[in-house]
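Trainee: I'd like to go through this one with you. Can we put it up and take it piece by piece?

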Amino acid sequence: MSIKVEGIQKRFGNFVALDDVSLEFPTGELVALLGPSGCGKTTLLRVIAGLESADGGRVLLEGEDASDTHVRERNVGFVFQHYALFRHMTVFDNVAFGLRVKPRKERPSEAVIAKKVKQLLELVQLDWLADRFPSQLSGGQRQRIALARALAVEPRVLLLDEPFGALDAKVRKELRRWLRRLHDEIHVTSIFVTHDQEEALEVADRVVLMNHGRVEQVGTPDEVYDAPKTPFVYGFLGAVNLFHGRVDGNHVSVANHAHPHLSADLPHGEEVVAFARPHELDIVVGDAHSHGIGATVTRILGFGSQARIELQSEHQPGVPDQVEVELPRTRVRELGLVEGSRVRVVPSQLAVFSRPAAGALATGTAS
Amino acid sequence: MSAARRVLPGFGLSLGYTLFYLSVIVLIPLFAVFAKSATLTLAEFWATTTSPRVLASYRLTFGASLLAAAINTVFGFLLAWALVRYRFPGKRIVDALVDLPFALPTAVAGIALATIYSPKGWVGALLAPYDIKVAYTPLGVLVALTFIGLPFVVRTVQPVLEDLETEIEEAATSLGAQRLQVFRKVLLPLLLPALLTGFALAFARAVGEYGSVIFIAGNIPLVSEITPLMIITKLEQYDYAGATAIAAVMLVVSFALLFLINNLQAWSARRIGRVG
């Protein structure tokens, strides 16, 4: 079942939570709403659910205008960050709740309910916990029960509000893989809200990046990571080095050195900001090289096959003080890098945006 | 005890202190009541505590107290709900007014109630054409007991209601529950322990109430006499043993009822997973 929102507006007092948001969520996909806190992602999810009413715009469920439909009738499954389980009910009763509150003529018999609850508990792999109370479960188990409870009413869409936000790192990782597998099994159109870019990129079919109540970019995880459309998206998805420079033909000049850039048709002489991810920077050593940015290695962090090198750059206009580079460990050994080595940093590619567009940039330098 | 080391320190000290304090403040005075009443022979004790006037006063005191506590549970809950869930002008003033029955000298409350509910009073005059008499009837006793018991339910339910996440109701609603179903199946079970505690406190207060009741009750033998009044009457006749005998009966009945309510409260609290 498809979801469409058109021109959604929402304010809380003077704060604009959603500013003319229009999106389409195709049937059967798992979509992530990603953004920093306060960007409006949870509000959008609640508007879609009907827990919040928009000041303007429409919510279309399967092409039907559902803007005035009460949350009770929208038939959406909602999963809360803090589970919102009924603590006076057993796991079984929690999952059965949605079936037991149905109007009498639609309500299945207790035997049917019992069978259905058992199936759902098997689906979330917790059928052995049916008689426990929520207080006796771990956080990860509680969230799986909350999911089973939401699925019991066979919702047309599943909405998850920071579903793993209250869990520790390890459980989080397990649970998001599990959610992906579950989604592949049941194929309910699902939207989940997160501020964790890794989570969004790993789990979702499609990622919606939001900032200040607006949609910045929509795309598959590859698309948004490899080709960020706005400086915000570039800064938000992963570590990044930020340079300032000027367009010089098909090059960009940073601190009097010309570097190739990826972009778009920016006019000659345009003031720009240029981004490079740590793996898009290379390091050269020796006096033979005069291009690139002079820097001193301050720290080398090696784990796995990649090493992260932190460098202190020579003070130059347009160059950040700290630069972060990612290289294969074999390359680090080849170059003989140690802390204190004087090297030059060479961008293999730069993504540039004109300076005014980057004005609102919150997270600029390497994080 | 030396083998089983406790993680929390100070068990011996805190238990000892608790028992000592409870003895001095509560148990010794109560024991004196029983000791004094024991000076009566069994026949005298029986005759004093089961005379028709005294029996009628038990019925009124315990009946009206239970009813008043029940009324306060319903309306105190509504008041707490309004104070927690809605914003309205003068909310803080209403919030402060709730505590007034605590602070007001009970005799003042009694005189005020008797004045406005008497057939010539503001409210009494409105009810008189319908032949409803409040002052100087058991109904008056009920009004006074309801008045003084109100804060207990409000103040016990209010904090629990404040702690209840609205997400729980949102979850229930998104699963298709009607408003009434949300209340009955989700909210009420979670609030039940607090409601029972409030009920028990309001009831206990009502049973022992004297000052506010005697003015409005009219104190008609067999009709509107409360048990505390019977005790005072005995005292005024220098019948100390008789007074303590009635007091002893009251204490036992009150204790039994409170014990029952507290167990009910503990059971409902366990059910919502607050303990253990």
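Predicted model: local features only at pLDDT ≥ 70, side-chain atom pairs only at ≥ 80, totals over all residues.

Trainee: How far apart are the mean positions of the positive and negative charges of chain B?
Mentor: Chain B has 20 positive and 14 negative charges. Lys and Arg count as positive, Asp and Glu as negative, while His and the chain ends are not counted. Each charge is placed at NZ of Lys, CZ of Arg, CG of Asp or CD of Glu.

Trainee: What percentage of the residues of chain B count as buried?
Mentor: Buried means under 20% relative accessible area, exposed over 50%, and partly exposed in between (1.4 Å probe, protein chains only). The C-alpha atoms of chain B fill a box of roughly 70 × 65 × 30 Å along the principal axes. Of its 276 residues, the buried share is 41%.

Trainee: How much area do chain A and chain B bury between them?
Mentor: Buried area is the accessible area (1.4 Å probe) that two parts lose on being put together, summed over both. The contact (heavy atoms within 4.5 Å) takes 23 residues from chain A and 21 residues from chain B. Carbon and sulfur atoms hold 61% of the buried area, and the total is about 2100 Å².

Trainee: Which residues of chain A lose the most area to chain B?
Mentor: Together they make up 33% of what the chain A side buries. They are Arg72(A), Arg87(A) and His88(A).

Trainee: Which side chain of chain A meets Glu170(B) in a salt bridge?
Mentor: A salt bridge is a side-chain nitrogen of Lys or Arg within 4 Å of a carboxyl oxygen of Asp or Glu. The count between chain A and chain B is one. At 2.6 Å, N to O, the partner of Glu170(B) is Arg46(A).

Trainee: Which elements do the buried residues of H3(A) pack against?
Mentor: Eight of the 10 residues of H3(A) are buried, among them Phe92(A), Asn94(A) and Phe97(A). Their packing partners come from both chains: H4 (110–123) and H5 (139–151) of chain A, with H9 (166–174) and H10 (179–208) of chain B.

Trainee: Is Ala84(A) buried or exposed?
Mentor: Ala84(A) lies in the loop between strand E6 (76–79) and helix H3 (91–100) of chain A. Its phi is positive, about 50°, although it is not a glycine. Because its relative accessibility is 5%, Ala84(A) counts as buried.

Trainee: And Tyr238(B), buried or exposed?
Mentor: Tyr238(B) sits in the loop between helix H12 (227–236) and helix H13 (240–271) of chain B. Its phi is also positive, near 60°, in a residue other than glycine. Since its relative accessibility is 65%, Tyr238(B) counts as exposed.

Trainee: How many residues apart in sequence are the parts that Glu198(A) and Lys173(A) tie together?
Mentor: The side chains of Glu198(A) and Lys173(A) meet in a salt bridge at 3.6 Å, N to O. Glu198(A) lies in helix H7 (residues 197–203) and Lys173(A) in helix H6 (residues 169–186), both of chain A, so the pair ties together parts whose separation in sequence is 25 residues.

Trainee: Last one: is Glu324(A) buried or exposed?
Mentor: Arg308(A) forms a salt bridge with Glu324(A), with the closest N and O atoms 3.3 Å apart. The pair links strand E17 (residues 306–313) with strand E18 (residues 322–328) of chain A, 16 residues apart. Arg308(A) is partly exposed at 27% relative accessible area. With a relative accessible area of 8%, Glu324(A) is buried.

Definitions and conventions: Residues numbered from 1 in each chain as written. Chains lettered and ligands numbered in written order. Heavy atoms only, no water. Helix = DSSP H or I, 4+ residues; strand = E, 2+ residues; numbered from the N terminus.
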